[in-house]
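Biologist: I've got a model open and would like to talk it through with you. Can you put it up and take my questions one by one?

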Amino acid sequence: MAHTARPSRPRVTVTRTLPQAIEARMAELFDAVLNPDDAPMGRDALVAAMADADVLVPTVTDRIDAALIEAAPERLRLIANYGAGHGHIDLKAARARGITVTNTPGVLTEDTADMAMALILAAPRRLIEGDKLVRSGAWSGWCPTGMRGHRIGGRKLGILGMGRIGQAVAQRARAFGLQIHYHNRHRIPEVAEAQLGATFHADLDTMLAAVDILTIHTPHSASTGGLIDARRLDLLGAEGWLINTARGEIVDPEALVHALTEGRIAGAGLDVYVDEPAVDPRLVALDNVVLLPHLGSATFEGREAMGQKVITNIRSWVDGHRPPDQVLEGWL
């Protein structure tokens, strides 16, 4: 396929409203088409956006599937995703069309790890239930048996995905006295294991049967969709908690609802969902679930850093270089 020359001032279409400083910089550098209303784009709007762009800047709310990519004009040569995850983009279809895909890794590590640790504390200690009780006016005061939760110190934390975020969670969790276990595609270096006091499990099922809390930090892909199903939730057990700040699709939603409703796991802390922003009303009705509105990267610092990475990736591409955050084939 013959590629068109890269324009010095590309038409860059952004699908959502980004931090003001980022949009201002994009307007200086590029022919930027912004979304001031911040309304998520439907499929027709995405088709129109891609038809008139050299670069598309989507977010996790945009499903860029094979049909959209195949329908894109020749001028679209870069999808510069605003976010670290890329499960919403069909990488194989992009590669077949010669479209480069980038993301924004690294800058969200600390923020997401903080949020995961907050959920690890909030779910067993029933923090949200306690907040609701005080706000309702029904709290009758301290009593020896009131609002008892579970101590996390000494418990075993299983980390699914030991990349940047998983290791940052392990550092925090160790300070709270949790024992660190992990499952990853590849074992991390021994020196890193020693620093984190981490035990590697080559088999996910073995780890689930051994831990008290599971926290998910693996990308969503064809191989991880529905990875935590009913059988694996049962391995976690009736005294186990599930924490998910990665992607909702990694956990079978029906299996999770039934496990929580039937007491097959103790509780959950969720920041992500399969059909965001829709949340299953059965989850909303449960007291043993902490529900957050996808706050993992929601800091002023993190969201600006994401935007700066998008700009750097676009500028590198314009200059004829491989963008520093190009999503490589190994992620497929």
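Biologist: Among contacts between residues at least 6 apart in sequence, what percentage join residues at least 24 apart?
Modeller: Contact here means heavy atoms within 4.5 Å. One caveat first: this is a predicted model, where local features need pLDDT of at least 70, side-chain atom pairs count only at pLDDT 80 or more, and totals for chains, interfaces and linings use all residues. Residues are numbered from 1 along each chain as its sequence is written, and side-chain values use heavy atoms, with hydrogens and water left out. Taking the contacts between residues at least 6 apart, the share that joins residues at least 24 apart is 61%.

Biologist: Where does UniProt place the NAD-binding domain feature, and how far apart are the end C-alpha atoms?
Modeller: The unreviewed UniProt entry puts "domain: D-isomer specific 2-hydroxyacid dehydrogenase NAD-binding" at residues 117–296; positions are in the numbering used here, feature names are shortened, and annotations may be inferred rather than shown by experiment. Over residues 117–296 the chain is 36% helix and 16% strand. The end C-alpha atoms of residues 117–296 are apart by 11 Å.

Biologist: Is Val169 buried or exposed, and what is its relative accessible area?
Modeller: Val169 sits in helix H7, residues 164–175. Leaving aside neighbours within four places in sequence, Val169 contacts Ala113, Ala116, Ile120, Leu157, Thr215 and His217. Buried means under 20% relative accessible area, exposed over 50%, and partly exposed in between, with a 1.4 Å probe and protein chains only. Val169 therefore counts as buried, with a relative accessible area of 0%.

Biologist: And Asp65, which residues does that one touch?
Modeller: Asp65 is in the loop between strand S3 (55–57) and helix H3 (66–71). Asp65 is buried too, with a relative accessible area of 17%. Not counting residues up to four places away in sequence, Asp65 touches Arg43 and Asp90.

Biologist: What phi does Asp38 have?
Modeller: Asp38 lies in the loop between strand S2 (31–33) and helix H2 (43–51), and at 30% relative accessibility counts as partly exposed. Most residues other than glycine have a negative phi. Asp38 is not a glycine, yet has a positive phi of about 60°.

Biologist: How about Arg126: buried, partly exposed or exposed?
Modeller: Look in the loop between helix H5 (109–125) and helix H6 (127–136). Arg126 has a positive phi of about 60° although it is not a glycine. At 27% relative accessibility, Arg126 counts as partly exposed.

Conventions. Helices (H or I, at least four residues) and strands (E, at least two) are DSSP runs, numbered from the N terminus.
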